[in-house]
Amino acid sequence: MSRVGKHPVTIPAGVTVSVADGVVTVKGKMGEDVVAIRDDVTLTQEDGKLIVTANNETQRTRAQYATTRALLNNAVKGVSEGFKRELELKGVGYRAAMQGQELVMQLGFSHEIRFPVPSDLKIETPTQTEIVLTSHSKQRVGQIAADIRSFRPPEPYKGKGVRYKGEVINMKEGKKK
């Protein structure tokens, strides 16, 4: 069996979980998340914990068993604490600012890039070269961060571009004479 799947998901105070028709709804202070449960796993709720069990021992079922447990854990953690991803802008003249419901970035192009902020996500710019994304959905935060990074990924010669905070870019050596 899976090492991840056998651990129960603890439900913190202030989070409500309801199971109905193969769908788990998790509500907390950060929002609401919905997780679909496959037919080959069973979910039980007891003593403030969610326990996922596999219905049979096929390889696909064992994989879904661990995946379901991880999705439930992310949903519970997301609605109680939330997820955060930080981006850095490196380069001369690279900057970002919030203007209403749009993230406006200057990334070395002849035009500025306007990125509309989704309603389920919160974007902040503490400085001109930092972008902080927060939401209750881990998948959503990661996807939007990847979309913003894709406008100008870091290049390997000078390191200019949009990068995740703490990301290490392997720098290449330039031309030699």
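1. The model is predicted, so to speak of its basis: local features need pLDDT of at least 70, side-chain atom pairs count only at pLDDT 80 or more, and totals for chains, interfaces and linings use all residues. Residues are numbered from 1 along each chain as its sequence is written, and side-chain values use heavy atoms, with hydrogens and water left out.

2. Helices (H or I, at least four residues) and strands (E, at least two) are DSSP runs, numbered from the N terminus. After α1 comes glycine 82, with a positive phi near 90°.

3. Among the buried residues of α1 are Tyr65, Leu72, Ala75 and Val79 (buried: under 20% relative accessible area, 1.4 Å probe, protein chains only). The helix's buried residues pack against β1, β3, β4, β5, β6 and β7.

4. Strands β2 and β3 run antiparallel, joined by 5 bridges (strands pair if DSSP finds at least two bridges between them). In their hairpin, aspartate 21 has a positive phi near 55°. Strands β3 and β4 are also antiparallel, with 6 bridges and a hairpin of 2 residues.

5. Do look at aspartate 33 in β4, the bridge partner of valine 26. Aspartate 33 is buried without a salt bridge, and the nearest side chain of opposite charge, arginine 140, is 9.9 Å away (a salt bridge needs a Lys or Arg side-chain nitrogen within 4 Å of an Asp or Glu carboxyl oxygen; Lys and Arg count as positive, Asp and Glu as negative, while His and the chain ends are not counted). Beyond its neighbours within four places in sequence, aspartate 33 has contacts including Ala75, Val79 and His136 (heavy atoms within 4.5 Å).

Definitions and conventions:
Buried means under 20% relative accessible area, exposed over 50%, partly exposed in between (1.4 Å probe, protein chains only).
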